[in-house]
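Thanks for coming. I will go through one model today, chain by chain and contact by contact.

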Amino acid sequence: MSTFFLSMALGLLFLMLFSMYRALFGPTVLDRLIGVNAIGSKTVILLLLIGFLYERVDMFVDIALAYAFLNFITVLVASRYFHKRKGLYEESFMD
Amino acid sequence: MDILVVLFLITGLFFFLGGAVGIIRMPDFYSRLHPAGKLDTLGIFAMVTGLAIYNLHHFSLEALLLSIKMFLIVFFVFLSSPTATHSIVDAGMRAGLRHWTKKKRKG
Amino acid sequence: MIVSNNGVAKKAGNTRPTFYKSFFSFLITFVLMFLSWIVLSGKFDSLLLWLGGISSFFVAYYFYDLLFPAMESGYVKVFFRFIAYTPWLIWEIIKANFHLLYLAFHPRMKELIDPHIITFKTHLKSDIAIATLANSITLTPGTITVTADSDGVFRVHAIDSESAEALPGIMLKKVAKVFGEEI
């Protein structure tokens, strides 16, 4: 079962690369924000899997819960911050 | 019992894969939010369900509390994910970002 | 539903209504905080239980009107109807997620999708009903709530015409039934 969890974690890491592409090369700032949010929601599961691999789930559950909170606060604050940039994205919206 | 755990984890990974592919392939930022916000939510739900079932193999009070704590994560994500998505959409609207339509593409 | 709510509120209004309302919300907040303390700590020492009781008492005493404002006596019924509403919502989410999954893996996706914004008006009054409807719409894939104001006007971004047509119908009816309001 431990091997299966390890392969699951590696699969999640592989999927993170897809979102990392969007976070690095996204046309607008908000696209990068979507990529960061997707990476964060995968990290929550990854932390739980790491907890099962090291057999310290009781500790890693708390870390995963705190990470979920932090991810939510990050997205909320960043999108509030970019409210005021009116007309910033017009030229990047071409295709 | 292990079959159920494997099934749930594979399903969750499949949902995450759909979300990642959707984020790459969708044409504009509003439609990218659809797979990003929601397929990830269901992926978290499926994977945490599988892990919580695996955690209850050796049944005890501590294991039950751990599983409840895991479902607390799911509950919180279900509550917070629409709010985060709505916040990003609102930021895009206020910045004056137009959304991609089919007619505009043809013309 | 509205008539019976008023009757209950009037009956409670004879004897210091504000005290009872605030005490009820205080009690619910206290129980909720204490339960989450127990789940998060996971230990049952008497010292830890006392500390949790004291701190959740203070939290509930100062912030009782933050979580459940305008507490009515018919709130318990609303709570049970909300619990009955959740399985339907989860089933709807799963069903619509497969539709979105099909869209994401389709090779000719750009011909299938047709993003547009629709506007519709409802007659929901209370804030919590509007918030629940907005979150339900966002949680069901294919549609995202763009704005929802307190008059009940919703602007929704839909990804294709199929999910746009299904929108203001059955979900609005269910939410209005949960909170006992007219459509």
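I call a residue buried if 20 or more other C-beta atoms lie within 10 Å of its own, exposed if 12 or fewer, and partly exposed in between, with C-beta atoms placed from the backbone. By that count, buried residues make up 53% of the 107 residues in chain B.

Some housekeeping. This is a predicted model, in which local features need pLDDT of at least 70 and side-chain atom pairs count only at pLDDT 80 or more, while totals for chains, interfaces and linings use all residues. Residues are numbered from 1 along each chain as its sequence is written, and chains are lettered from A and ligands numbered from 1 in the order in which they are written.

Chain B, then. Helices here are DSSP runs of H or I with at least four residues, strands are runs of E with at least two, and both are numbered from the N terminus. Two residues are in contact if their C-beta atoms, placed from the backbone, lie within 7 Å. Among the contacts in chain B with a separation of 6 or more, 65% are between residues 24 or more positions apart.

Now the side facing chain A. Here 42 residues of chain A are in contact with 37 residues of chain B. On the chain A side, helices H1 (2–25), H2 (29–54) and H3 (57–81) each supply at least two residues, and H2(A) gives the largest share, 13 residues. That side of chain A divides into 27 nonpolar, nine polar and six charged residues. For these classes, Ala, Val, Leu, Ile, Met, Phe, Trp, Tyr, Cys and Pro count as nonpolar, Asp, Glu, Lys and Arg as charged, and the others, Gly among them, as polar.

Axes are lines fitted to C-alpha atoms, for helices over the stretch in contact, and angles run from 0 to 180 degrees between N-to-C directions. H2(A) packs with helix H2 of chain B, residues 29–55, at an angle of about 5 degrees, the axes being 10 Å apart. H2(A) and H2(B) are therefore roughly parallel to each other. Angles under 35 degrees count as roughly parallel, over 145 as roughly antiparallel, 65 to 115 as roughly perpendicular and the rest as oblique. The residues that meet include A:Ile34, A:Val44 and A:Leu48 in H2(A), and B:Leu33, B:Ile44 and B:Leu51 in H2(B). By class, this contact has 13 nonpolar, two polar and three charged residues.

The second pair is H3(A) with helix H3 of chain B, residues 61–94, at about 10 degrees with axes 9 Å apart. That makes H3(A) roughly parallel to H3(B). Among the residues making the contact are A:Val61, A:Ala64 and A:Phe72 of H3(A), and B:Ile73, B:Phe76 and B:Ile88 of H3(B). The residues here divide into 17 nonpolar, three polar and two charged.

Which residues have the most contacts inside the largest nonpolar core? They are A:Leu48 and B:Ile88, in a core of 75 residues. Such a core is a set of buried Ala, Val, Leu, Ile, Met, Phe, Trp, Tyr and Cys residues joined through C-beta atoms within 7 Å. H2(B) supplies the largest share of this core, 14 residues. Leaving aside neighbours within four places in sequence, A:Leu48 is in contact with A:Phe60, A:Val61, A:Ala64 and B:Leu51.

On to chain C. Here 27 residues of chain C are in contact with 27 residues of chain B. H5(C) gives the largest share of the chain C side, seven residues. That side divides into 17 nonpolar, eight polar and two charged residues.

Chain C also has an open sheet of three strands in the order S1-S3-S2, with antiparallel pairing. S1 and S2 stand at the edges with a single partner strand each, so one side of each is left without a neighbour in the sheet. Strands pair if DSSP finds at least two bridges between them. S1(C) and S3(C) pair over six bridges, with C:Phe120 opposite C:Phe154 in S3(C). S2(C) pairs with S3(C), residues 153–158, over five bridges.

Finally, H3(B) lies across S2 and S3 of chain C, at about 65 degrees to S2(C).
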